[in-house]
Amino acid sequence: MLFVITSSNLCTDNFLSRIDSIAKAKPDRIILREKHLSSTEYMHLALECKTICEKYSVPFLVNSFYEVAEKIGVSDIHIPLSVLEEKPSLVSEFKTVGVSVHSVVEAQKAEKLGSSYVIFGHIFPTDCKKDLAPRGTDLLKEVVSSVDIPVLAIGGITKERISDVMSTGTKGICVMSHFMKCKNPYEEITDFKNIIEKV
């Protein structure tokens, strides 16, 4: 599986045009992150991105703003573990509830609370987490073996690293920065998908 996570702050061209190119390449999911936006700003952007995703039949997830998801009819969300711990009823209110985790213990907590999948990272050094040491593929493998729900990896994953990451048993990868900055996201996503399928 290949998930695309957005960050409009990293995008140097028109963000919605980029989302269209990304959705056209049919990743398994697009998660609208955009933590810097207010709830109202996020809702307007989410509606536009939701329309694009629907055009290409790509699952669209709201990140953190679960109230917005309810308002605009999105049944899939991605949230931090702390949010799920505060509001465990979210797993019954939404079809899909993905959770970000950073350790074996957190992954196990997310599973116990009923999350649909977890994203674990960051695996390799990345500009988004310059001050934090990468967690590496060994710990990713531990996380994968510690839970029964799907685990996806994130953080500094290039085409050259996909094979190493997938060898841990992870169900897929998530990419943010690269797909926000690359010249041709359609081609890049297609390349990533092809490599993942062949591993």
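Predicted model: local features only at pLDDT ≥ 70, side-chain atom pairs only at ≥ 80, totals over all residues.
Strand S4 has partners in two other strands. With S3 it runs parallel, and 2 bridges join the two strands; here Asn-63 stands opposite His-78 of S4. With strand S5, residues 96-101, S4 also pairs in the parallel sense, over 5 bridges. In that pairing, Pro-80 has Ser-100 of S5 as its bridge partner.

The next element is helix H1, residues 15-24. Its buried residues are Phe-15, Arg-18, Ile-19, Asp-20, Ile-22 and Ala-23. The spacing of such positions can be read against a general rule: an α-helix has 3.6 residues a turn, so residues three or four places apart point the same way. Which elements cover the buried residues of H1? The cover includes strands S1 and S2 together with helices H2, H9 and H10. Both ends of H1 deserve attention. At its start, a side-chain oxygen of Asn-14 comes within 3.1 Å of the backbone nitrogen of Leu-16. Just after the helix, Lys-26 adopts a positive phi of about 55 degrees.

The aromatic residues come next, and the structure holds 3 aromatic pairs. In one of them, the ring centres of Tyr-42 and Phe-65 are 4.3 Å apart and the planes stand at 25 degrees; planes under 30 degrees apart count as stacked, so this pair is stacked. Tyr-42 belongs to helix H2, whereas Phe-65 lies in the loop between strand S3 and helix H3, so the pair ties together parts that are 23 residues apart in sequence. Tyr-42 has a relative accessibility of 0% and therefore counts as buried. Phe-65, at 16%, counts as buried too.

Another pair, formed by Phe-179 and Phe-192, is edge-to-face, with 5.0 Å from centre to centre and 75 degrees between the planes. Phe-179 lies in helix H9 and Phe-192 in helix H10, so this pair ties together parts that are 13 residues apart in sequence. Both Phe-179 and Phe-192 are buried.

Rings also meet charged side chains. The charged end of Lys-24 sits over the ring of Tyr-186, 5.9 Å from the ring centre. Arg-161 lies over the face of Phe-124, and here the distance to the ring centre is 4.3 Å.

Gly-121 and His-122 are joined by a cis peptide bond, with omega about 0 degrees. His-122 is located in the loop between strand S6 and helix H7. Ser-57, in the loop between H2 and S3, has a phi near 55 degrees, a positive value in a residue other than glycine. Is Ser-57 buried or exposed? Its relative accessibility is 62%, and Ser-57 therefore counts as exposed. Ser-64 is not a glycine either, yet its phi is positive, at about 70 degrees. Ser-64 is found in the loop between S3 and H3, and with a relative accessible area of 22% it is partly exposed.

Methods: Residues numbered from 1 in each chain as written. Heavy atoms only, no water. Phe/Tyr/Trp six-rings, centres within 6.5 Å; stacked < 30°, edge-to-face > 60°. Helix = DSSP H or I, 4+ residues; strand = E, 2+ residues; numbered from the N terminus. Buried < 20%, exposed > 50% of the residue type's maximum accessible area, 1.4 Å probe, protein only. Lys NZ or Arg CZ within 6 Å of the ring centre and 35° of its normal. Pairing = 2+ DSSP bridges. Contact = heavy atoms within 4.5 Å. Polar contact = N/O pair within 3.5 Å; in protein donor to acceptor, adjacent residues only side chain to side chain.
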